[in-house]
Every structure is written in C-alpha cells, then in structure tokens.
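Biologist: Hi, I'm new to this one. Could you walk me through it?

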Amino acid sequence: MRIRIEGSDLPGRRTGATADALRLGNVHVGVQHKADVVDRVPADASEATWDIEVTSREVNGLLDVGGPWVHGRPGARFLYLSWGAVTDDEFEMFRRAKLLFDDVPGELLRAAHDGAGALVGRLGLTDANGGPLCARVRPPIITWTVE
C-alpha cells in the first residue's frame, strides 16, 4: 500500500525567536524507518513530502499494516515524523509526531489496501506555539484522502 505524507507550514519559515532557533540549529524533519530518520527536510523548507510503501493484510476481518516504516503493536499502528538537529552526519532527535492508522477512516484505508490509489495525509507541521508539531496528530490537524 502506498502512502504519501504532505507537510506544509514548516515552523522555520515563520518569523520570530522559535523559527530563528530552528534555522540556526539546523533542524530537520524526516520519516522514521525502523530506528533511522530518513528523507530529512529542513525546518524552513516550503513543504515536505514523503512517499512510502507499507504492507497491508486482513486479520480477522480488519486491516493491519506493517513493514519497516510502521511502529506499534497490532491495533495501534502508526508512522513517526521525527524532528532533530543535524550536525555533520548526525541527527539528534528531540521531538516526534505520531500519525496513527486508527485515525484514518476505515473506508479510506480499505480503498488504499485494495489499490484505489495512495493514502494521502496532509498536515501543517507547526504547532500552536510556533514550534515543530509533535505528539499524536489527529484530525482535523491531519486530513486523509485516497488519490
């Protein structure tokens, strides 16, 4: 199953002390693949898009997703968007956003599983205080479609 996450309104594009600190700290956001954060995008980019492939299967009449991008136990699976400072080749994570598959409407998850298109999640990546979005990200902060 294909998944595309489209992030907009990155916090380093704003004005003010928080945005300045993110830019000066070389903060990036990426998607977590097992323990590694990959496809990192600077916090002051105009947008961030991640395309990933997950497995999906029926288990007792319910869909379960898996693979190296997916975290959590059955019935509580999710993706991580991870924030961190980049120095040389190091990524020092300090915050994560959790995108739960439980928050995806069942008919959309089923359509993506059946090959109707990619499951697309769209979200702004700045929290209410102007910093990097973190913790559990629920609708309406994230919207899901199949395209």
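**A first look around**

Modeller: Strands (E, at least two residues) and helices (H or I, at least four) are DSSP runs, numbered from the N terminus. This is a predicted model, in which local features need pLDDT of at least 70 and side-chain atom pairs count only at pLDDT 80 or more, while totals for chains, interfaces and linings use all residues. Residues are numbered from 1 along each chain as its sequence is written, and side-chain values use heavy atoms, with hydrogens and water left out.

Biologist: Which strands does strand 7 pair with, and over how many bridges?

Modeller: Strand 2 (residues 27-33) pairs with strand 7 in the antiparallel sense over five bridges. Strand 8 (residues 90-100) is joined to strand 7 by ten bridges, also antiparallel. Two strands count as paired if DSSP finds at least two bridges between them.

Biologist: How many residues of strand 7 are buried?

Modeller: Eight of its ten residues are, so strand 7 is largely enclosed by the rest of the structure. Buried means under 20% relative accessible area, exposed means over 50%, and partly exposed is in between (1.4 Å probe, protein chains only).

Biologist: And serine 82, is that one buried or exposed?

Modeller: Serine 82 is buried, with a relative accessible area of 0%. It belongs to strand 7, which covers residues 78-87.

Biologist: What does its side chain make a polar contact with?

Modeller: The side chain of glutamine 32, at 3.0 Å. A polar contact is a pair of N or O atoms within 3.5 Å; within protein, one must be able to donate a hydrogen and the other to accept it, and residues adjacent in sequence count only if both atoms are side-chain atoms. Leaving aside residues up to four places away in sequence, serine 82 also touches others, including His28, Phe91 and Arg96. Contact here means heavy atoms within 4.5 Å.

Biologist: Switching topic: which residues of helix 2 are buried?

Modeller: In helix 2 (residues 106-113), Leu108, Leu109 and Ala112 are buried. Seen down the helix axis, they fall within an arc of 100 degrees, so they line one face of helix 2. That arc is taken from the directions from the helix axis to the C-beta atoms.

Biologist: What covers them?

Modeller: Strand 6 (62-66), strand 9 (119-124) and strand 11 (142-146) are among the elements that do. After helix 2 comes glycine 115, with a positive phi near 90 degrees.

Biologist: What order do the strands of the open sheet have?

Modeller: The order is 4-1-9-11, four strands with mixed pairing. Strand 4 (48-53) and strand 11 are at the edges, each with a single partner strand, so one side of each has no neighbour in the sheet. Strand 9 and strand 11 run antiparallel, joined by five bridges, and leucine 119 stands opposite valine 146 in strand 11.

Biologist: Last one: how many helices and strands does the chain have?

Modeller: Two helices and eleven strands. Of the 147 residues, 44% count as buried.
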